[in-house]
Amino acid sequence: MTNRVAVEPRTTSSTAVSPGSPGSPGSSRDELRGAGPRGPAPLGAAWRGTLLAGLGVLSFSGSFPAAVFAMEGFDPYLVAIGRAAVAAVAAVAFLLVARAPLLPPRSRLGPYLLIVAGVVFGFPVFSGLALHAGASTSHAAVVIGLLPAATAAFAVLRGGERPKPLFWVACGLGTVATTAFTLSMGGGHVTGADLLLLGALLSAAVGYTEGGRLARETSGWRVISHALVLAAPLTVPITVVLMLVTDLRPSAVSLAGFAYAGLVSMFLGFIPWYAGLAAGGIARAGQTQLAQPLLTLLWAWLLLDERFGLATVGAALAVLACVAMTQRARS
């Protein structure tokens with residue numbers, strides 16, 4: 001794939017492009033176009049987007065347990081920033097193998113910087129500090145359950161999407177269910193950890209929306225790869241300094257958690273996630289993340305031995321119902 005295709009995927013001239021590229025006849029470009037502000041995505045593209053986004057959610061659902069394991073042997077800031085440095089190495093390898101430019105086009109620098117601020121720095125730092133401050137994995141998971149609503153709001157503001165009323169009803173019900181569950185677990189109070197988690201979800205919503213917009217023009221793996229490379233001049237030296245000045249107690253468990261956070265949560269999971277947002281619509285496909293708290297709760301039960309009561313089951317059923325409603329309400 002040539003650089004021209006990556007930078008100018010929407011050109012309508014007769015310039016020749018390689019088969020299967022974003023600008024070629026018969027490619028998925030026509031389907032991806034429908035995910036933007038021009039109108040609703042075709043039904044096949046919408047459901048493909050939902051499936052791809054669901055794969056990303058499955059990858060992200062292990063992020064909190066992985067961070068908890070990683071912080072058993074490493075400083076919270078090292079886990080938050082270092083995982084982006086690890087992911088940057090993988091991103092560079094992908095770009096070199098594909099013979100793609102290491103940096104994004106200058107015309108898209110603004111959105112890429114928002115991705116860097118949102119998902120490379122904001123979400124990992126805020127969520128890691130919340131877990132370090134005492135928030136349980138399950139509590140953090142349900143607070144972050146508000147993320148789909150925030151992403152939908154940013155999709156309207158930045159992505160030009162216009163979901164139908166049924167979508168907002170389902171989104172609102174999911175938000176209410178998640179909020180009620182969060183407050184019940186916190187004894188009816190909002191804690192300092194909750195405020196950190198609020199910062200995490202707002203950061204992620206911005207990064208998800210901008211990444212979904214860019215993925216309409218180029219592949220999802222390039223979006224996250226370019227963002228990671230763009231952040232590398234900060235993440236790599238900060239990681240080195242933190243390794244020198246913090247207490248390191250590496251173990252098999254902490255190393256495994258750190259590796260998952262860096263390779264899966266920060267890189268591989270974003271490839272289907274951004275592709276799904278582009279194909280299915282940011283607001284619509286993004287609602288699959290309502291299921292992430294439930295998956296995280298499952299991992300917390302299996303891996304961290306956290307226990308849950310009937311309230312968890314009720315919230316799980318309510319959130320799953322809301323996910324189904326959002327998928328029936330096309331933008």
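These are my notebook entries on a predicted model.

**Ground rules.** I number residues from 1 along each chain as its sequence is written, and I use heavy atoms for side-chain values, leaving out hydrogens and water. Because the model is predicted, I ask for pLDDT of at least 70 for local features and 80 or more for side-chain atom pairs, while totals for chains, interfaces and linings use all residues.

I looked up "transmembrane region" in the unreviewed UniProt entry, and it covers several spans, including residues 51–71 and 109–131. UniProt positions follow the numbering used here, feature names are shortened, and annotations may be inferred rather than shown by experiment. Residues 51–71 are 86% helix and 0% strand, with end C-alpha atoms 32 Å apart. Residues 109–131 are 100% helix and 0% strand, and their end C-alpha atoms also lie 32 Å apart. I take helices (H or I, at least four residues) and strands (E, at least two) as DSSP runs numbered from the N terminus.

**Aromatic rings.** I found ten aromatic pairs. Rings of Phe, Tyr and Trp (its six-membered ring) pair if their centres lie within 6.5 Å; planes under 30 degrees apart are stacked, over 60 edge-to-face, and the rest tilted. Why is the pair Phe60 and Tyr208 stacked? The planes of the two rings stand at 10°, with centres 6.2 Å apart, so the pair is stacked. Phe60 sits in helix α3 and Tyr208 in helix α10, 148 residues apart, so this pair links distant parts of the chain. Phe60 is buried at 3% relative accessibility, and Tyr208 is buried at 4%. For me, buried means under 20% relative accessible area, exposed over 50%, and partly exposed in between (1.4 Å probe, protein chains only).

I then checked Phe270 and Tyr274, whose planes at 45° and centres 5.3 Å apart make a tilted pair. Both residues are buried. They are four residues apart in helix α13, about one helical turn. Ring pairs join Phe60, Tyr208, Phe270, Trp273 and Tyr274 into a cluster.

**Salt bridges.** How many salt bridges did I count? The count is three, taking a side-chain nitrogen of Lys or Arg within 4 Å of a carboxyl oxygen of Asp or Glu. Arg108 bridges to Glu217, with the closest N and O atoms 2.8 Å apart. Arg108 is partly exposed at 25%, whereas Glu217 is buried at 17%. Glu210 bridges to Arg213 at 2.9 Å, and both lie in helix α10, three residues apart.
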